[in-house]
Amino acid sequence: MIRTSLTAGALLLALCGAASAADNAALKKCMDGANTTSDMVSCNAKEAKVQDDRLNRAYKTALAALEGTRKQQLQDVQRLWIKYRDANCAFAGSATGGTIDQVNGSGCVLDMTQTRAQELEDLRWGHNPQVLNQSWCTRARLSSFLQRSDKCSTRRCLPALL
């Protein structure tokens, strides 16, 4: 039963990565030419670098537009988001113990980074309540997680975030 659930979860993660590839021509082209797990991970890593650069530009722009407490809040949220992304993708990248985990883990980093870059870009156009609410909820869950993280392993605490 557990093995079936893990396999289904890994398949879902792979399909989510494939959906992202369909939205990105460069990634799709790279993935279409990938013949090995290593090739697929490399494709994800290259696009993750592009999205990370995009995220950093959007973050710097957002920081420059904020002052005082709001600026500090964004810095705090971003630091927490990075910890969450890394923990979440480590979890996604260890679901089955097979080689597909490498693809799922790198795809998770790509997808989450791309989504966060979009959230930060959306801040330029005004205060999107959905983005701000998600950030607050994520920050609250992560704060709770980080307070407990010294007492337990990341894997054991991760379900508390979900």
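## Ground rules

Residues are numbered from 1 along each chain as its sequence is written. In this predicted model, local features need pLDDT of at least 70, side-chain atom pairs count only at pLDDT 80 or more, totals for chains, interfaces and linings use all residues, and side-chain values use heavy atoms, without hydrogens and water.

## The fold

The chain has 7 helices and 0 strands. Helices are DSSP runs of H or I with at least four residues, strands are E runs of at least two, and both are numbered from the N terminus. Of the 162 residues, 35% are buried. Buried means under 20% relative accessible area, exposed over 50%, and partly exposed in between (1.4 Å probe, protein chains only).

## Helices α3 and α4

Helix α3 spans residues 37-65 and helix α4 residues 68-92. They pack at about 160°, with axes 10 Å apart. That makes α3 roughly antiparallel to α4; roughly antiparallel means an angle over 145 degrees. Axes are lines fitted to C-alpha atoms over the stretch in contact, and angles run from 0 to 180 degrees between N-to-C directions.

## Two disulfides

The count is 2 disulfides, each a pair of cysteine sulfur atoms within 2.5 Å. One joins Cys 30 to Cys 43, S to S 2.0 Å. Its S-S torsion is about -85°, so this disulfide is left-handed. Cys 30 is partly exposed at 24%, and Cys 43 is buried at 2%.

Cys 89 and Cys 108 form a disulfide with sulfur atoms 2.1 Å apart. Cys 89 lies in α4 and Cys 108 in α5 (residues 100-123), so the pair ties together parts 19 residues apart in sequence. Cys 89 is buried at 5%, and Cys 108 is buried at 11%.

Terms used
Parallel < 35°, antiparallel > 145°, perpendicular 65-115°, else oblique.
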